[in-house]
Amino acid sequence: MQIGNNEQSWGVLSILLHWLVALTVFGLFTLGIWMTGLDYYHAWYNRAPLIHKSVGIILACVLLLRLAWRLFNTNPEALISHAPWEKKLAHNIHLLLYLMLFSIIVSGYFISTSDGRAVEVFNWFEVPAYPIGIERQEDIAGAVHWYLALILMALVALHTISTLKHHIIDRDETLKRMLRVTKPNEKKPNEE
Amino acid sequence: MFRITIITAFTALVLIAAIPVPAADYVIDTKGAHASIKFKISHLGYSWLYGSFKSFTGSFSYDENNPSASKVSVEINTSSVYTNHAERDKHLRSADFLQVAKYPKASFVSISFQEQGNGKALLKGKLTLNGVTKPIIIDVTHVGAGKDPWGGYRRGFEGRTTLTLKEWNIKRDLGPASGQLEMILDVEGIRQ
């Protein structure tokens, strides 16, 4: 099993991180909408936000790890069949996805910490508040958190549609490369 | 001649002093924060939660010889709601509670003032809050009046009234023990 990436394919770690982040982000978005509509007497009224915040902070760590892994590793090149505009668009969407994810996490942190309270990560540890002292910081950070989350979901849709276009219309390897590690002998049979 | 002048002047002074003081106008000392609009609501029926509106302005007129002519008006910035927990304050400003984006101001304008003796009075007035305007009655206690050490003249009252959340278009149900809240009002006016 190939852990790292190479020029043709993603390694196990990149693939796992990609799907872990995808699942987590989708889960956090759904949880966020659900928990803000809960009745005061609902059993999850306090538990759901605790999970949302804790997972958000952990996601930030995972994203940093993922970004580091991406920056200090070989990345597979885009398929030759991809048009230049497709490569450029895909690259920009990937950049925006990272940017949105970090901005959403940071804005979420600034909601919870606007009165100087720390963010609790389950009952394991706390992330202390960083005082920036903006008036009604919780409202501003809250609006940023919500609208960026909507933009992120639009980007996710675009990212997914593009992948499906490659998979269904172009019938190329784009999606398959992110689903399983391509064995070297599959790619270059004549080298064996 | 000189004596007559003295007597006349003295008589005039006595007469001036005997003339009833006209209704004096007071500005509520929000600048020096000798006034507060607080509220107290039950949490689940187990404890009391206190909150306040940090930003408001107001004035009143009061004449000791004709107290029933007293008038009060107060304007409150609803976004200044404060309960010592930013996430809760954010929620209180939202559509679930005070809808501050839609109704940024609450106001109270007096209709009548009836002294009950013993420093107590009933203050009736129109309260506009969360898009609802209705008459309310505030139980008033006259706390004191007199010169302050800095050349001014001050007068203060405290007031209590109970508001039922549902009557003021607050849709969130906080449970059977928390349907009402008590307003605790303290005003000190500086005579103009």
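Predicted model: local features only at pLDDT ≥ 70, side-chain atom pairs only at ≥ 80, totals over all residues.
Residues are numbered from 1 along each chain as its sequence is written, and chains are lettered from A in the order in which they are written. Local features need pLDDT of at least 70 and side-chain atom pairs count only at pLDDT 80 or more, while totals for chains, interfaces and linings use all residues.

**View 1. Chain A and its elements.** Chain A has 6 helices and 2 strands; helices (H or I, at least four residues) and strands (E, at least two) are DSSP runs, numbered from the N terminus. Along the sequence the pattern is α-α-α-β-β-α-α-α. The C-alpha trace of chain A spans about 65 × 35 × 30 Å along its principal axes. Of its 192 residues, 16% count as buried. A residue is buried if 20 or more other C-beta atoms lie within 10 Å of its own, exposed if 12 or fewer, and partly exposed in between, with C-beta atoms placed from the backbone.

**View 2. Helix α1 of chain A.** This helix covers residues 12–36 of chain A, and its 25 residues should span 36 Å at 1.5 Å a residue. The expected span is 1.5 Å times one less than the number of residues. The end C-alpha atoms are 36 Å apart, which agrees. The buried residues of α1(A) are A:Ser14, A:Val25 and A:Leu28. Their cover includes α2 (47–71) and α3 (84–112) of chain A.

**View 3. The largest nonpolar core.** A nonpolar core is a set of buried Ala, Val, Leu, Ile, Met, Phe, Trp, Tyr and Cys residues joined through C-beta atoms within 7 Å. The largest one has 29 residues, and B:Ile76 and B:Leu123 have the most contacts inside it. Elements of chain B that give two or more residues to this core include β1 (24–28), β5 (71–77) and β8 (120–129). The largest share, 4 residues, comes from β8(B). Not counting residues up to four places away in sequence, B:Ile76 touches B:Ile37, B:Phe53, B:Phe56, B:Lys105, B:Ala106 and B:Ser107. Two residues are in contact if their C-beta atoms, placed from the backbone, lie within 7 Å.

**View 4. Where chain A meets chain B.** 11 residues of chain B are in contact with 10 residues of chain A. The side of chain B that touches chain A divides into 2 nonpolar, 3 polar and 6 charged residues. Here Ala, Val, Leu, Ile, Met, Phe, Trp, Tyr, Cys and Pro count as nonpolar, Asp, Glu, Lys and Arg as charged, and the others, Gly among them, as polar.

**View 5. Helix α4 of chain A and helix α2 of chain B.** The axes of α4 (residues 137–169) of chain A and α2 (residues 86–93) of chain B come within 9 Å and cross at roughly 75 degrees. The two helices are therefore roughly perpendicular; angles of 65 to 115 degrees count as such. The axes are lines fitted to C-alpha atoms over the stretch in contact, and angles run from 0 to 180 degrees between N-to-C directions. From α4(A) the contact uses A:Glu138, A:Asp139 and A:Gly142, and from α2(B) it uses B:Ala86, B:Glu87, B:Asp89, B:Lys90 and B:Arg93.

View 6. Most residues other than glycine have a negative phi. A:Arg171, although not a glycine, has a positive phi of about 50 degrees. With 9 C-beta neighbours inside 10 Å, A:Arg171 counts as exposed. B:Leu44, also not a glycine, has a positive phi of about 65 degrees. B:Leu44 lies in the loop between β2 (36–43) and β3 (47–53) of chain B.

Technical notes:
Parallel < 35°, antiparallel > 145°, perpendicular 65-115°, else oblique.
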